[in-house]
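Please consider the sequence and structure shown below. The report that follows treats a helix, the salt bridges and the cavities in turn.

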Amino acid sequence: MRTIAQLTLVLLLALATLPLARAADAPSYDTLVSQAQSLDRDGERLAAFGCYLQAYRLQPESAPATAALLKAVRSGTLPIRVPESMLQAAVDTTHAVQITPLLDGKVMAVTSRDELDTFNDPQNGWPFTRCEWFYRASTDPAGEYVLYASVRWQSADDRALAERTGQLLAVLRAALTERTGNKPLTDGKPFNVWLCRHATDAGGEQWRNSIYFYQVGEQRSSIEWIREIAHEYSHMAFPIVGGDYSDPEPWANGYYGERLLLRWLSRGAAGGPAAVEKAWGGTFAGYPNFDIKLIAPPLSLYTRNGLSDEWLARRDRQGMDYLIGMLLAIDDKAGPQACARLLWDLPQAGLVDPAQLLPGARQALATAKPTAKTQATRGDR
């Protein structure tokens, strides 16, 4: 069956480059749907998706292909990697399923025109009737889009926020890969974002393979939204440190990650502030205040105390601030790649004692060059 799926995919990619009017010898709608259903049963998700898309192009209002695509959007059974031409061919279709290029084609969004059947989130059981899936353009290999996140929301008023969130996540990932040369720990495993209209208080949290943002209708500044999204994304993207901090939360990767990501963006990573504003649709002008409040204090704390076993052993808020300050100092003096090597060499799961960072930190600072902080390596986008 694998050979049939591969041949089907080759044919679909060829058809995707032809206008529908020229594809006189192309398979009929019924044939495409039948092939898709057979491929789906055999677990050939990409080839089935391609058949459904081609059928959908032929008859956007017919039930079988449209229903299958809507089901894939609702349940998250979209293929992880999709050839660029396959998605591009369906961009102009404006019926039940919509495929929209964003960020100059670096991102593709797949969503439904109308509400879907109710889908309950796994943690709280709250109802969500809207969903948008986001693919990013990949250079590994070139010509493919890679699924990285879904964003679900409850109110029609939050559709713009969902799209902005999906785009900003792509920019954050690009900043991480460009500056460090590493890929996020969750790459290749699409995660879910839930835009919740209610909760006990505003803010967000990472839970398993999901990111939650609460009370999304409440007023927040642009920089606070950007920080919040960067924070929760960092829990999934950066190596974990801690696990037993008493304050402000057990793990440190959300707090150190948000500082590094926003700082790298302010210094030009992934297109810099202009890219953030294009993705977010809001200003990055609040960054100087972010720097004053959240970058300068931990950096100053580290500078006053230097490398210290005693400070790394602390598990209170100041202990986490010291850890963040140490990483910021390494980022400044030895560069983002040195900072990343220190972190990515840690175990990837379980409680990670921050003391494990000390030997690597000492080595990075001892070999630091004055211009290291301006150096960067471009990774897969």
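## An enclosed helix

Helices (H or I, at least four residues) and strands (E, at least two) are DSSP runs, numbered from the N terminus. This is a predicted model, in which local features need pLDDT of at least 70 and side-chain atom pairs count only at pLDDT 80 or more, whereas totals for chains, interfaces and linings use all residues. Residues are numbered from 1 along each chain as its sequence is written, and side-chain values use heavy atoms, with hydrogens and water left out.

Helix α13 (residues 336-344) is largely enclosed by the rest of the structure, because 7 of its 9 residues are buried. Buried means under 20% relative accessible area, exposed over 50%, and partly exposed in between (1.4 Å probe, protein chains only). The buried residues of α13 are Pro336, Ala338, Cys339, Ala340, Leu342, Leu343 and Trp344.

## Salt bridges

The structure holds 18 salt bridges, each defined as a side-chain nitrogen of Lys or Arg within 4 Å of a carboxyl oxygen of Asp or Glu. Three of them are listed here.

| Pair | N to O distance |
|---|---|
| Asp244 and Arg315 | 2.9 Å |
| Glu258 and Arg259 | 3.2 Å |
| Arg263 and Asp331 | 2.9 Å |

Arg263 belongs to helix α8 and Asp331 to helix α12, so this pair ties together parts that are 68 residues apart in sequence. Arg263 is buried, with a relative accessible area of 3%, and Asp331 is buried as well, at 1%. Salt bridges that share partners also join Glu224, Arg227, Glu228, Glu258 and Arg259 into one network. Within that network, both Glu258 and Arg259 are buried. Asp244, by contrast, counts as partly exposed, at 36% relative accessibility.

The elements giving two or more residues to the lining are β7 (142-153) and α6, and β7 gives the most, with 3 residues.
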